[in-house]
Amino acid sequence: MLNRLSIPLCLLALLSGLALAQNVSEDTDNGPRPVKLVPTPPPGPLYIHCGALFDGKTDKIETDMVIVVERDRIKEVGKFSPPAGAQGVSLTNLDLSNLACLPGMVESHTHVFLQGDRKPGQYDAQLLKQSVAYRAIEATTAAHAALDWGFTTIRDLETEGAGYADVDVRNAINRNLIWGPRMQVVGRAMDVTGAYPLQPAYAWDVPVPIGVETVDGVEGARKAVREQLSHGTDWVKIYADRGGRIHDNILDTIPTFTLDELRAIVDETHRERHRVAAHATGLMGVHNAVEAGVDTVEHGNYIAPEDMKAMVAKGIWFVPTPYVAEYDVQWRAERAGTQPRESPGLRIEENTFRRALQAGVKIAFGTDVGAFEWDMSPARQLVTMVKWGMTPAPALRAATIRGAELMQMQNDIGTIEAGKYADIIAVQGNPLDDISVMQKITFVMKGGVVFKK
């Protein structure tokens, strides 16, 4: 009798447990109610009078323009015109007539879980002395800073030992719990055994954290992709090379993954309808990444001419990060008490950037911020890009619509036009005359909510 009853009773208990779990998940009335720091956008319409407007669709600035915002979207953009017979009456609710308005900027390569890692000890201290919980708190302050600097959208390229906490930060922003930009995230980047230790090397018998997920072999590569995407990441990131030396004006780095491993990662990621970002700084790292069909080449300090041609043919994006190299030159000179000197590596980077412009490679703005501290605007790299041959309008487009295209968000962000999110920033001065004004953002609106004024 007991044996006959045991199966129905177990089944009843299982069904009851499932029902309870379903009820708990659906019981929104009695669910947790965290405090939401971000207000909802006003219903509108809100009229924004811009003294000048760079809408990101062209390389021109229009003067005396009005942007009409309803809730979180732009409804209309046009010339400012007061109603007939109403001299001195303004249609606008928000007067930015002394400022130049632009689309919210897009930062395509950030690290909100790093607060500096270029100087000795910075990286190790964060992984060894700070809990993931504490680092997540600092990450929210970095996200807040990104928005304050005028970056309403970022692509954050790994947590450096903090697991998938970037997914949580992204979700908290999306749920209006905290201020921050729209985010796409990668969670843990991938590298091979022995290629990503803490530096300087610790004793072999002392276990220390690793800033990436260690991945080896073709099957291991496919499994790692599946695992990472299951945690809610948007991209997969791989390290295609490390270290290296300079010879004959070429940065010759050490490849990490085999070409078969890289192809497996790319194939599995694309099969799952996601994309791959490749840290690739030198000759063979870039070559293997391009051969494998990655979607973006990050850093790309040296790219061979034939690989540039392949990037153009395959539509692979280039996200150069020249300010990091300039930052390194500056702080090392300060530490030594000397004047900054252009390094051979920096000259190679500049040459690569200029060749990429000439070759027609798709370029998006990204700085690797987090490698340098978040208390300075990443927009300072726009100055470097202009110095290296990109005129101001294309540089601004690299930091707006091009970044949106890289992230496949061009239908929602990247330009100021009807139907897109009301992500709007403003500066004093004309950025087409002086690109450095982008480092001093006066006004920030994200999704119809004014964050900074």
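Helix 10 (344-359) and helix 11 (380-387) are among the elements that cover the buried residues of helix 9. Here contact means heavy atoms within 4.5 Å, and helices (H or I, at least four residues) and strands (E, at least two) are DSSP runs, numbered from the N terminus. This is a predicted model, in which local features need pLDDT of at least 70 and side-chain atom pairs count only at pLDDT 80 or more, while totals for chains, interfaces and linings use all residues. Residues are numbered from 1 along each chain as its sequence is written, and side-chain values use heavy atoms, with hydrogens and water left out.

Which residues of helix 9 are buried? They are Pro322, Tyr323, Val324, Ala325, Glu326, Tyr327, Asp328, Val329, Trp331 and Ala333, where buried means under 20% relative accessible area, exposed over 50%, and partly exposed in between (1.4 Å probe, protein chains only). Just after helix 9, Gly337 takes a positive phi of about 70°.

Just after helix 7, Gly293 has a positive phi of about 90°.

Now for the charges. The structure holds 22 salt bridges, each a side-chain nitrogen of Lys or Arg within 4 Å of a carboxyl oxygen of Asp or Glu. One of them joins Lys237 to Glu158, with the closest N and O atoms 3.4 Å apart. Lys237 lies in strand 10 (residues 235-239) and Glu158 in the loop between strand 6 (151-156) and helix 4 (165-174), so this pair ties together parts 79 residues apart in sequence. Both Lys237 and Glu158 are buried.

Another pair is Arg222 and Asp267, whose closest N and O atoms are 3.0 Å apart. It links helix 5 (residues 218-230), which holds Arg222, to helix 6 (residues 259-271), which holds Asp267, 45 residues apart. Asp267 counts as partly exposed, at 38% relative accessibility. Arg222 also forms a salt bridge with Glu268, the closest N and O atoms being 2.7 Å apart, and both Glu268 and Arg222 are buried. Arg222, Arg226, Asp267, Glu268 and Arg271 are linked in a network of salt bridges.
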